Amino acid sequence: MIARAIFPVAQKRLQQFPVVAVTGPRQSGKTTLAQALADGRPYVSLENPDTRTFALRDPRGFLAQFPDGAVLDEVQRCPELFSYLQGIVDADGRPGLFILTGSQQFGLVESITQSLAGRISLLRLLPFSLGELQAAGIAPADLDTLLCHGLFPPIHARPVEPSAWLEGYVETYLGRDVRQTLRVQDLEAFQRFLRLCAGRAGQLLNINSLAADAGISRPTANAWLSILQAGNAAFLLRPQFRNHSRQFIKAPKLYFCDTGLLSWLLGIRKPAHLVAHPLRGAIFENWVVTELLKQQLALGAPPAITYWRDKQGHEIDAVVETAPSEFHAIEIKSGQTVAPDFFDNLDFWRRRF
């Protein structure tokens, strides 16, 4: 197993809570992490139809198999278990009984909120960070390869053609999740919507424009975007502002969880295609923001990253809050030559705040 930065935090949480849940995108390494944490606990996948049928028909009998706890993988497929888990962990009292994993946050978080509040620690795992690849000695040799291939574990842990793997990921995992959640029939329209979202990565989100370009209604666009967020394929970066003055931009910015997925959706199949691509700067910015996000998630901390922009065009790409009223302003540039105007917005921010 390639060491994950979140592993020590997850171990500590198992000593403090009866249940630890790991959420994140499909194929981000949740199962591997959970099995590494298992320490002798049996492993059960609820993706298995027979296992899932047993858990749904006889949840008490299913859980009785695991008197000393277990790893329950893709547990959002059987949310009925949560109420029974509550009774078990309350009666048992031991920490670290169950490790849960889930790829869709909608059903998982809602069920946890209703049944396991105060008994569970939630952790979120994204694909590898650059630091994790470097520590394992398998980091790509150049930045364009990293941005193009992305950081999903299967691409780095076994010999596979990145472009072919990403194609299958979009068609199999994203398509399946959407079909299961919203019963979308027109997958071609959804994939068009995905590509349009990719073209807006790092930009202010205008949901009306996105819906119009995709040929769908605004409610449909909102629903599909929510599914991308729930499945951890994409996320919104909220603006940071000290008050509700109209001089500040309040629309979120759209990012993808992985630059390999983003590059594939943009039609970029090889690192050489990225060098002069007009959206290379946006892809680089997406990567930096996800690295900042992974850094905070690896500490078990709630994300505290925003951006700042006023209506005069001054913008800070990322604002990281490390303590109350302690902010770090970050300007992201993909060029190799430093220009003096790179610092203009940082200087304005420093004077303004």
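Modeller: Contact here means heavy atoms within 4.5 Å. The model is predicted, so local features need pLDDT of at least 70 and side-chain atom pairs count only at pLDDT 80 or more, while totals for chains, interfaces and linings use all residues. Residues are numbered from 1 along each chain as its sequence is written, and side-chain values use heavy atoms, with hydrogens and water left out.

Colleague: Leaving aside neighbours within four places in sequence, with which residues is Leu-261 in contact?

Modeller: Leu-261 is among the residues with the most contacts inside the largest nonpolar core, which has 62 residues. Such a core is a set of buried Ala, Val, Leu, Ile, Met, Phe, Trp, Tyr and Cys residues joined through side-chain atoms within 4.5 Å; buried means under 20% relative accessible area (1.4 Å probe, protein chains only). With those neighbours set aside, the contacts of Leu-261 are Phe-152, Leu-166, Tyr-169, Val-170, Leu-174, Ala-233 and Phe-256.

Colleague: Which helix gives the largest share of this core?

Modeller: Helices are DSSP runs (H or I, at least four residues), numbered from the N terminus. The largest share amounts to eight residues, and its source is the helix at residues 280-297, α16.

Colleague: How many of the 18 residues of α16 are buried?

Modeller: Helix α16 is largely enclosed by the rest of the structure. That description holds because the buried residues number 16 of the 18.

Colleague: On what arc around the axis of α2 do its buried residues lie?

Modeller: In α2 (residues 30-38), the buried residues are Lys-30, Leu-33, Ala-34, Leu-37 and Ala-38. They fall on the same side of α2, because the arc they cover (taken from the directions from the helix axis to the C-beta atoms) is only 145°.

Terms used
Buried means under 20% relative accessible area, exposed over 50%, partly exposed in between (1.4 Å probe, protein chains only). Helices (H or I, at least four residues) and strands (E, at least two) are DSSP runs, numbered from the N terminus.
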